[in-house]
Amino acid sequence: MAIDHFLRNSATSWMSNEGEHSDIVMSTRVRLARNLAEFRFPYAFTDEEAKKVDERVSAILKEDREPPEDFTHIDIQETPDLKRQILVEKHLISPLLAKGEHSGSVLLSTNEELSVMINEEDHLRIQSLQPGFRLQEAYEKADSLDTFLEKKLAYAFHETYGFLTSCPTNTGTGMRASVMVHLPALTMTRQIDRIIPAISRLGMVARGSYGEGSEALGNVYQISNQTTLGMSEHEILQELENITLQLIEQERRARRAILEQSPSALEDRIYRSLGILTHARLLSTEEAAKCLSDVRLGIDLDLINDMDMSVLNELMIFMQPAFLQHYAERPLQPNERDRARAKLFRERLVNDHDKQEGEDSA
Amino acid sequence: MVCEQCHERPATVTVTQNQQGEVTERHLCHVCAAENHHIFSLFDQSPFGINDFLSNWLPVQHHPAMSPRKSETVTCPACGFSFAKFMKLGKFGCAECYETFSPQLDDMFRRLHNGHAEHKGKVPLSFGRTIKIRKEIDELRRQMQEAIADEQFEEAASLRDRIKGLNAQLDAGGEADGN
Ligand SMILES: [Zn+2]
Ligand SMILES: [Zn+2]
């Protein structure tokens, strides 16, 4: 399979809107860091060693495996910069791997749910992506790929310290499990300001992306485990699951409270945002993310009924700069991007009857 | 870790800025973070800045004979990383670094991992067998000491024989009898 399969702006399974709590938990990711015993780690190895690591791991994943899973090998240094950025925007590779400082690659499963980055900070970074709230399922998929690889590769493993990684924050299980949560009501009511420090006291980390305003971009936060040593994978997943469930409960409570106290103000805010997304001619990332969050909330609260949530999940990904430029087939200046972004939203969101208006200046 | 901007509140968020392809990370409190801009890349951030952590952490000297200076100059024979380089970069150069720097690591891991310094999770199959045997031996040794303390010498002797048997299995490369 060619790299172009992964650059299309069409939906893939992990962007879908399936499963329990998918109104609040957008996606789940589990990542396992592994190194080969025989080679020095990426901060110390030579490019020759890097190539050998890549060849060895890739050869194994190209063999027939049980269950069969097709992996496409993408060499990072041979990939043009814009295409690398698209893979970053889709969360399929990390910004560090995209830099291409030494020989590295990514092996991607056709449905994009499993990937193995080679020579990022560690020799292997096994990543499993799932839509919605699916920690166990995401872990099982990463774990079974890891078990398959481990039969053919000698991992750097220590009796006391567990899996040895470049960074001491990953030593032990080498596992980072995370969920992306949409918390508009907790953000609007400012409760998030006390929740974030509380989560960090429980050995987990909550983070948002911050834009010009004081709210996290798109009201989206990532919750992940901080501890990788001294707890089993199962215990870590269980704790993350418990904390996420509590967060979901608090968000639902905050949503009900806002809906009871100021229904018209909330409805107005949601419909204004829908108006912007379907009619604006210039849309910045910030504004688009804010409006997407409002519309998403509108769908969750049944105030908007004729819109598919998975389209919003896709737009979050496809509104980013590299995607916009890939589809414009030319580099775009920031103001041109805002124009292209607005056009993308109109095309994807506008209903048939007012489609003509959406296309007039396109 | 304290917020890099106000130096008052604890840093709870990592803000990634991407300007002309140059990615920088800052560790800020929730209030200061809100004043900064940037783009989505939530999944790709590490939980906190290991460099900041290490620059504020002074390793405890476990070996009185080893002066602080000496530990700084300990160098990994496999990759050439000195302890000072590990501290500066916040990253190990190879698997051997873990052995080389091990006197300093317990304390560091405890601080990083909520008081823990020993792995409790998945074990690769190839290591699993020998580790399991070693853990069993440790447990039997403990029981044997207890038996001796209680003057249960017959029990102690039988435990000693089981330990002997397990040690023989370890010498045979972890293969169980009859395999
Ligand atoms: Zn601050
Ligand atoms: Zn080393």
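Reader: Which residues of α12(A) are buried?

Author: This is a predicted model. In α12(A), the buried residues are P321(A), A322(A), F323(A), L324(A) and Q325(A).

Reader: What covers the buried residues of α12(A)?

Author: The cover includes four helices of chain A: α1 (4-7), α3, α11 and α13 (334-349). After α12(A) comes E329(A), with a positive phi near 60°.

Reader: How do I read the packing of two helices?

Author: Two packed helices are described by the angle between their axes and by the distance between the axes. Take helix α3 (residues 81-89) and helix α12 (residues 321-328), both of chain A: the angle is about 130° and the axes are 8 Å apart. That angle makes α3(A) oblique to α12(A), because angles over 145 degrees are needed for roughly antiparallel. The crossing of the two helices α3(A) and α12(A) is left-handed.

Reader: Which residues make the contact of α3(A) with α12(A)?

Author: From α3(A) come L82(A), Q85(A), I86(A) and E89(A), and from α12(A) come P321(A), A322(A), F323(A), Q325(A) and H326(A). Sorted by class, the residues in the contact of α3(A) with α12(A) are 5 nonpolar, 3 polar and 1 charged. As for spacing along a helix, an α-helix has 3.6 residues a turn, so residues three or four places apart point the same way.

Reader: At what angle do α11(A) and α13(A) pack?

Author: The angle is about 165°, and the axes of α11(A) and α13(A) are 11 Å apart. That makes α11(A) roughly antiparallel to α13(A). Their crossing, α11(A) with α13(A), is right-handed. On the α11(A) side, V311(A), L312(A), E314(A), L315(A) and F318(A) take part, and they meet L344(A), F345(A), R348(A) and L349(A) in α13(A). The contact of α11(A) with α13(A) has 7 nonpolar and 2 charged residues, and no polar ones.

Reader: Is E314(A) buried or exposed?

Author: The test is relative accessible area, with buried meaning under 20%. E314(A) has a value of 10%, so E314(A) is buried. E314(A) lies in helix α11 (residues 309-318) of chain A. The side chains of E314(A) and R348(A) are joined by a polar contact of 3.0 Å.

Reader: Where does L229(A) lie, to take a residue in a loop?

Author: L229(A) is in the loop between β10 (216-225) and α8 (233-261) of chain A. L229(A) is buried, since its relative accessible area is 0%.

Reader: Which residues does L229(A) touch?

Author: Leaving out residues up to four places away in sequence, L229(A) touches Y161(A), T171(A) and G172(A), and also F109(B), H113(B), H116(B), A117(B), E118(B) and H119(B). L229(A) and T169(A) are 60 residues apart along the chain, while their C-alpha atoms are separated by 8.5 Å.

Notes: Residues numbered from 1 in each chain as written. Chains lettered and ligands numbered in written order. Predicted model: local features only at pLDDT ≥ 70, side-chain atom pairs only at ≥ 80, totals over all residues. Heavy atoms only, no water. Buried < 20%, exposed > 50% of the residue type's maximum accessible area, 1.4 Å probe, protein only. Polar contact = N/O pair within 3.5 Å; in protein donor to acceptor, adjacent residues only side chain to side chain. Axes fitted to C-alpha atoms, helices over the stretch in contact; angles between N-to-C directions. Parallel < 35°, antiparallel > 145°, perpendicular 65-115°, else oblique. Left-handed = near helix turned anticlockwise from the far one by under 90°. Contact = heavy atoms within 4.5 Å. Nonpolar A, V, L, I, M, F, W, Y, C, P; charged D, E, K, R; others polar.
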